[in-house]
Amino acid sequence: MEYHYKTQNTCSTNIKLDIEGNISRNIEFTGGCNGNLKAIPRLVDGWTVEQIEEKCKGITCGRRPTSCADQLARAARKTYEVQQKTC
């Protein structure tokens with residue numbers, strides 16, 4: 001299922017991702033730090049929602065209470081939950 005997640009309190013503005021079962025695929029960030037946001041999707045492609053949450057949830061960026069990685073963890077969980085409701 002392709003999902004678009006509007007990020008909050010980060011330089012990136014949107015995350016597009018697919019969750020197949022509970023496996024992440026095709027993650028793309030809009031905006032933000034170009035290099036980092038190319039690396040994160042390559043690193044976590046094929047990870048489960050739980051693995052993304054375990055490694056990325058709660059990471060902050062500077063004084064912000066969140067980060068692009070944290071927002072990805074939230075996006076993965078939200079996508080998974082939406083997918084479960086439509087099945």
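Is Asn26 buried, partly exposed or exposed at its relative accessibility? With a relative accessibility of 45%, Asn26 counts as partly exposed; buried means under 20% relative accessible area, exposed over 50%, and partly exposed in between, with a 1.4 Å probe and protein chains only. The model is predicted, so local features need pLDDT of at least 70 and side-chain atom pairs count only at pLDDT 80 or more, whereas totals for chains, interfaces and linings use all residues. Residues are numbered from 1 along each chain as its sequence is written, and side-chain values use heavy atoms, with hydrogens and water left out.

Asn26 is placed in strand β3. Helices (H or I, at least four residues) and strands (E, at least two) are DSSP runs, numbered from the N terminus. The phi of Asn26 is near 50°, a positive value in a residue other than glycine. Most residues other than glycine have a negative phi. Asn9 also has a positive phi, of about 65°, although it is not a glycine. Asn9 is placed in the loop between β1 and β2, and it is partly exposed, with a relative accessible area of 45%.

Helix α3 covers residues 68-86. Its 19 residues, at 1.5 Å a residue, should span 27 Å, and because its end C-alpha atoms are 27 Å apart, the two values agree. The expected span is 1.5 Å times one less than the number of residues in the helix.

The buried residues of α3 are Cys68, Ala69, Asp70, Gln71, Leu72, Ala73, Ala75, Ala76, Thr79 and Gln83. The elements that cover them include the strands β1 (2-6), β2 (12-20) and β3 (23-31) and the helices α1 (34-44) and α2 (49-56). Contact here means heavy atoms within 4.5 Å.

Gln83 of helix α3 has 8% relative accessibility and therefore counts as buried. Leaving aside residues up to four places away in sequence, Gln83 touches Met1, Ile19, Glu20 and Gly21.

## Packing of α2 against α3

Two packed helices are described by the angle between their axes and the distance between the axes. For α2 and α3 the angle is about 155° and the axes are 9 Å apart. Axes are lines fitted to C-alpha atoms, for helices over the stretch in contact, and angles run from 0 to 180 degrees between N-to-C directions. The two helices, α2 and α3, are therefore roughly antiparallel to each other; angles under 35 degrees count as roughly parallel, over 145 as roughly antiparallel, 65 to 115 as roughly perpendicular and the rest as oblique.

The crossing of α2 and α3 is left-handed, a term used if the near helix is turned anticlockwise from the far one by less than a right angle, with right-handed used if clockwise. On the α2 side, the contact is made by Val49, Glu50, Ile52, Glu53 and Cys56, and on the α3 side by Ala69, Asp70, Leu72, Ala73, Ala76, Arg77 and Tyr80. The residues of this contact divide into eight nonpolar, no polar and four charged. In this grouping Ala, Val, Leu, Ile, Met, Phe, Trp, Tyr, Cys and Pro count as nonpolar, Asp, Glu, Lys and Arg as charged, and the others, Gly among them, as polar.

## Individual residues

Ile40 is placed in helix α1 and is buried, with a relative accessible area of 17%. Not counting residues up to four places away in sequence, Ile40 touches Phe29, Ala69 and Leu72.

Asn34 is also found in helix α1, but Asn34 is exposed, with a relative accessible area of 51%.

Ile23 lies in strand β3 and is partly exposed at a relative accessible area of 23%. With residues up to four places away in sequence not counted, Ile23 touches Asp18, Gly46, Trp47 and Thr48.

Thr60 lies in the loop between α2 and α3, and at 45% relative accessibility Thr60 counts as partly exposed. Its contacts, not counting residues up to four places away in sequence, are Pro65, Thr66 and Ser67.

The table sets out C-alpha separations for these residues.

| Residue pair | Separation in sequence | C-alpha to C-alpha distance |
|---|---|---|
| Ile23 and Cys11 | 12 residues | 25 Å |
| Asn34 and Lys85 | 51 residues | 33 Å |
| Ile40 and Lys16 | 24 residues | 13 Å |
| Thr60 and Gln71 | 11 residues | 9.8 Å |
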